[in-house]
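Here are my notes on this model, jotted down as I went through it. Have the viewer open while you read.

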Amino acid sequence: MNSYLHKTLVVEVRAGVTDRFPVLAHLSYTPDDPFAVTVVFSHDGRVLARWRLDREMLLEGLRRPVGCGDVRLRPEERGAARELRMEFFGEAHADGSRHHAVVFVWAEAVGEFLTETHRMVAPGSEKVRVDDFLADILAGS
């Protein structure tokens, strides 16, 4: 069994009201952190952002709108294609507004990735190693 799952997708970031441009999204999953999927967005070899997302929230976002904080997900139709719209809110600007990014990803690709994570660790069978977690905190890592 693989102890690590990785998938790279081309996604689109919305710039302005209608323009979109492609970037890479690197999705990763490890049974050591069974509730989370890490997404790293990159362009021209530079990391633009890194987010840890709740695995079940991602799955729900493929079906219905979810999230009310820094991450909001919802399904959208674009012609014949189904997309997952991902909104990310970051740090505040001096004027009180917040950094905001909207990313569109092909929903089927996210669904396939999540299916693979569920093969590694079935929903409901996740285990958190509390002793390891506390040792890391106490060690200052």
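1. **Ground rules.** This is a predicted model, with local features needing pLDDT of at least 70 and side-chain atom pairs counting only at pLDDT 80 or more, while totals for chains, interfaces and linings use all residues. Residues are numbered from 1 along each chain as its sequence is written, and side-chain values use heavy atoms, with hydrogens and water left out.

2. **Fold.** The protein chain has three helices and seven strands, and along the sequence they come in the pattern β-β-β-β-α-β-β-β-α-α. Both kinds of element are DSSP runs numbered from the N terminus: helices are H or I with at least four residues, strands are E with at least two. The C-alpha atoms fill a box of roughly 50 × 40 × 30 Å along the principal axes.

3. Of the 141 residues, 35% count as buried (under 20% relative accessible area; exposed is over 50%, partly exposed is in between, with a 1.4 Å probe and protein chains only). The chain exposes about 8,800 Å², and carbon and sulfur atoms supply 54% of that area; the areas come from the Shrake-Rupley method with a 1.4 Å probe, and for residues only the protein chains shown count as cover. Among contacts with a separation of 6 or more, residues 24 or more positions apart account for 35%, a contact being heavy atoms within 4.5 Å.

4. Points are joined across faces, edges and corners, and a volume is the space filled by probe spheres set on them. Leu9, Val11, Ala25, Leu27, Val39, Phe41, Leu58, Met86, Val105 and Val110 line the largest cavity, with β1 (5-15), β2 (19-29) and β3 (36-43) each giving two or more residues to the lining. The lining splits into 10 nonpolar, no polar and no charged residues. For the classes, Ala, Val, Leu, Ile, Met, Phe, Trp, Tyr, Cys and Pro are nonpolar, Asp, Glu, Lys and Arg are charged, and the others, Gly among them, are polar.

5. The largest pocket holds about 250 Å³ of space. It has 14 lining residues, with Leu48, Ala49, Phe88, His100 and Ala101 closest to its centre. Two or more lining residues come from each of β1, β4 (46-54), β6 (81-92) and β7. This lining is made up of nine nonpolar, three polar and two charged residues.

6. **Salt bridges.** I get 13 of them, a salt bridge being a side-chain nitrogen of Lys or Arg within 4 Å of a carboxyl oxygen of Asp or Glu. One pairs Glu112 with Lys7, the closest N and O atoms being 3.6 Å apart. That pair links distant parts of the chain, from helix α2 (residues 107-120) to strand β1, 105 residues apart. Glu112 is partly exposed at 37%, and Lys7 is partly exposed at 25%.

7. **Two more pairs.** Glu12 and Arg20 meet at 2.8 Å, N to O; Glu12 is partly exposed at 25%, and Arg20 is partly exposed at 25% too. Arg85 and Glu87 form a salt bridge at 3.4 Å, with Arg85 buried at 10% relative accessibility and Glu87 buried at 12%. Shared partners join Glu12, Arg20, Arg78 and Glu83 into one salt-bridge network.

8. **Arg98.** Arg98 lies in strand β7 (residues 98-106) and is partly exposed, at 36%. Leaving aside neighbours within four places in sequence, Arg98 contacts Asp70, Phe89, Gly90, Glu91, Ala92 and His93. Its C-alpha atom is 9.8 Å from that of Phe88, 10 residues away along the chain.

9. **Thr38.** Beyond its neighbours within four places in sequence, Thr38 contacts His26, Leu27, Ser28, Arg50, Trp51 and Arg52.

Note on methods: 1 Å grid on protein atoms, 1.4 Å probe; cavity = no way out; pocket = protein on both sides within 12 Å on 5 of 7 lines; lining within 4 Å.
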